[in-house]
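The sequence and the model come first, and the notes come after.

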Amino acid sequence: MTAKVSRKQDSGQMSQRRGDQAFAFSLLSPALLIMLVVVFLPLAYAFFLSLNKAEIVVVGGKGSVLAEWRWLKNYLYFLVDPSFWYSVRVTSYFTGVSLAIELVIGTIIALVLDKEFWGRPVVRALLILPWAVPTVVNARLWGLIFEPHAYGALNGLLQTLHLIGPTEAVNFLAPIPIFQNVPGLGQITTWLGATRAINWLILGDTWKVAPVVALLVLAGLQTVPKELYEAAEVDGATAWGRFWRITVPMLRPVILVILVYRTMELFRVFDILYILMAYTIPVLAVKTYQEAFVFGGFGRGSALAFLIGLFILIIAFVYIRLVAVTEEA
Amino acid sequence: MGDRRKILQRVGLYVLVLLILVWTLGPFIWLFLTSISTQAKLNTIPIQWLPSPPTFEHYQAMFDPTSSTGALFLAAMRNSLIIASSTTIVCLIFGVLAAFSLARFSFRGRNALVMGMLATRLLPTIALAVPFYVLIVGYVERVAPMYDTRHNLVILYTSFIIGLVVWIMQGYFQTIPKDLDEAAMVDGCTRFQALTRVILPLVTPGLVTTGLLAFLLAWDEFLLALIFTRTSNAFTMPYFVFIVGSSQYYQSPAAVAAGGFMAALPPVILALVFQNRLVSGLTAGAVKG
């Protein structure tokens with residue numbers, strides 16, 4: 001009797017579980033189908049294209065794809081092409097320098113905003129403004145500020161501060177190599193593709209992102225228990241010591257996430273560089289765009305796109321692992 | 001002595017705050033000031049920071065459908081509003097269902113799916129743009145018009161936004177105790193009714209935040225609009241700002257600034273109004289993983 005009842009309960013739970021599974025799957029399937037069609041299928045197709053010499057032929061308004069199997073030749077083409085490695089270096093330079101500046105400025109802003117002062121909520125609210133400005137508008141905005149004439153905004157500011165002569169003008173977006181008079185360093189910056197133009201563009205990109213980095217760091221700061229600081233102060237730790245020994249370790253998870261998330265965003269940078277510099281700063285996204293949509297080489301473009309995609313997926317994987325480890329700790 | 005140090009510290013703090021404000025707002029204010037300047041004022045040396053008298057001719061031109069700028073601007077604004085809202089709605093409907101499923105039920109491959117959703121958000125747009133282009137122009141175009149249409153952009157934008165929606169929403173669902181679903185089902189709700197009548201109202205703040213993020217991402221997108229649109233049928237505000245600054249549509253720096261200011265206005269207003277929500281959403285999306 002008891003055995004029978006319990007078996008009945010068992011099968012009841014089983015069918016409920018099966019019902020749950022069916023329900024879970026029915027909720028999931030539309031989104032999965034969408035992602036299969038608009039993400040995974042195109043990615044698989046990109047891989048197929050990357051193994052071909054692919055061209056689009058349009059006859060009488062009808063397009064068709066001409067594909068010629070080339071094995072891994074498209075990949076080899078880039079791996080032995082110095083201009084590809086130049087693109088990798090310029091992209092890395094843009095990513096690394098932006099990241100460092102964003103983090104430093106973001107942390108400084110966050111530390112200031114962590115203090116009590118009059119009007120703090122308003123200042124904090126206003127910090128979100130640059131982040132909301134679309135990237136294309138940001139590009140145009142800095143294009144105006146960097147105007148290479150004596151009447152440009154940044155030139156005007158430098159004149160007002162007497163950093164340059166009253167009618168002088170700096171061409172901020174000129175492709176001039178930097179640190180050329182410093183032996184060794186000049187060669188390194190040339191090798192990296194560091195120019196005056198890319199440095200000023202990094203400033204423009206940083207303007208949009210640093211305040212959000214600040215807001216995220218600020219959220220992290222608020223999780224640091226105040227008692228820790230008080231205890232350290234009693235023990236005679238200096239402000240600098242407290243920052244390195246308490247704040248930085250406590251912010252580690254937030255900074256880690258910002259680092260990796262921003263690395264991936266910066267690695268695919270396109271808008272600001274394409275709009276203001278066209279093809280003169282060939283970061284990977286710009287190079288891919290040019291390869292596919294200007295030269296019409298969709299096989300090679302796919303190979304490049306696939307290389308960036310693969311690279312980013314690897315970073316994503318590392319990122320997820322790191323976050324998982326931090327959450328366990 | 002101590003008092004003096006304290007006062008100095010206070011003054012230093014306010015100087016820093018002022019610097020932060022100038023750095024954060026200065027460039028955007030300059031964009032507006034440029035947009036209401038006459039060409040003569042913009043070309044003066046030394047620079048004149050305040051345009052006097054201001055001119056609103058570029059804004060008038062944008063809202064005048066008979067002018068060439070006006071025709072472009074009004075079409076771009078309409079397209080952007082339609083595309084960004086449609087993308088948001090599509091992503092929210094399907095993303096929320098999937099997020100609820102991922103947050104509530106455990107099954108084999110669940111974690112891999114969640115990570116996969118996040119990973120799609122991290123893909124560079126260009127990696128999808130190339131195969132999309134070949135597929136659409138080479139094949140799909142023969143059976144259905146896609147190139148230079150709004151529905152095409154909605155589909156493409158969904159591809160890189162829906163993963164984020166699923167990711168953030170499943171975080172919000174996990175903050176609601178599972179007992180509530182069960183209580184609702186004991187009271188006679190089906191599983192689906194438990195979601196729509198009990199759980200969804202509780203995550204409304206999360207829905208608003210996620211919807212805003214989706215809208216802002218769709219509004220901001222440029223690369224796909226550049227590749228897949230050409231005419232006023234479908235081009236968006238970022239594309240408009242791109243072409244008024246270069247190409248045959250270029251008029252003057254002030255006109256570019258006015259176009260840029262109008263393109264930035266909707267997202268800036270939304271972000272300022274909902275800034276608390278957005279910051280918590282960004283923190284949920286980024287800080288929590």
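Predicted model: local features only at pLDDT ≥ 70, side-chain atom pairs only at ≥ 80, totals over all residues.

Residues are numbered from 1 along each chain as its sequence is written, and chains are lettered from A and ligands numbered from 1 in the order in which they are written.

**Chain A overall**

- Chain A has 14 helices and two strands, where helices (H or I, at least four residues) and strands (E, at least two) are DSSP runs numbered from the N terminus.
- Chain A is more spread out than a compact globule, because its radius of gyration is 27 Å, well over the 20 Å that the globule rule gives for 329 residues. The radius is taken over C-alpha atoms, and the rule is 2.2 Å times the number of residues to the power 0.38.
- Along the principal axes, the C-alpha atoms of chain A fill a box of roughly 100 × 75 × 40 Å.
- Of its 329 residues, 39% count as buried (20 or more other C-beta atoms within 10 Å of the residue's own, with C-beta atoms placed from the backbone).

**Contact between the chains**

- The contact takes 84 residues from chain A and 80 residues from chain B; two residues are in contact if their C-beta atoms, placed from the backbone, lie within 7 Å.
- On the chain B side there are 60 nonpolar, 16 polar and four charged residues. Ala, Val, Leu, Ile, Met, Phe, Trp, Tyr, Cys and Pro count as nonpolar, Asp, Glu, Lys and Arg as charged, and the others, Gly among them, as polar.

**Residue B:A271**

- B:A271 is found in helix α13 (residues 253-273) of chain B.
- B:A271 is buried, with 22 other C-beta atoms within 10 Å.
- Not counting residues up to four places away in sequence, B:A271 touches A:I128, A:L129, A:W131, A:A132 and B:L278.
- The C-alpha atoms of B:A271 and B:L213 are separated by 9.3 Å, although the two are 58 residues apart along the chain.

**Helices α7 and α10 of chain B**

- The axes of helix α7 (residues 150-174) and helix α10 (residues 204-220) of chain B come within 10 Å and cross at roughly 160 degrees. Axes are lines fitted to C-alpha atoms, for helices over the stretch in contact, and angles run from 0 to 180 degrees between N-to-C directions.
- α7(B) is therefore roughly antiparallel to α10(B) (angles over 145 degrees).
- Residues making this contact include B:Y157 and B:I161 of α7(B), and B:G206 and B:L213 of α10(B).
- The contact residues divide into eleven nonpolar, two polar and no charged.

Technical notes. Buried ≥ 20, exposed ≤ 12 C-beta atoms within 10 Å, placed from the backbone. Parallel < 35°, antiparallel > 145°, perpendicular 65-115°, else oblique.
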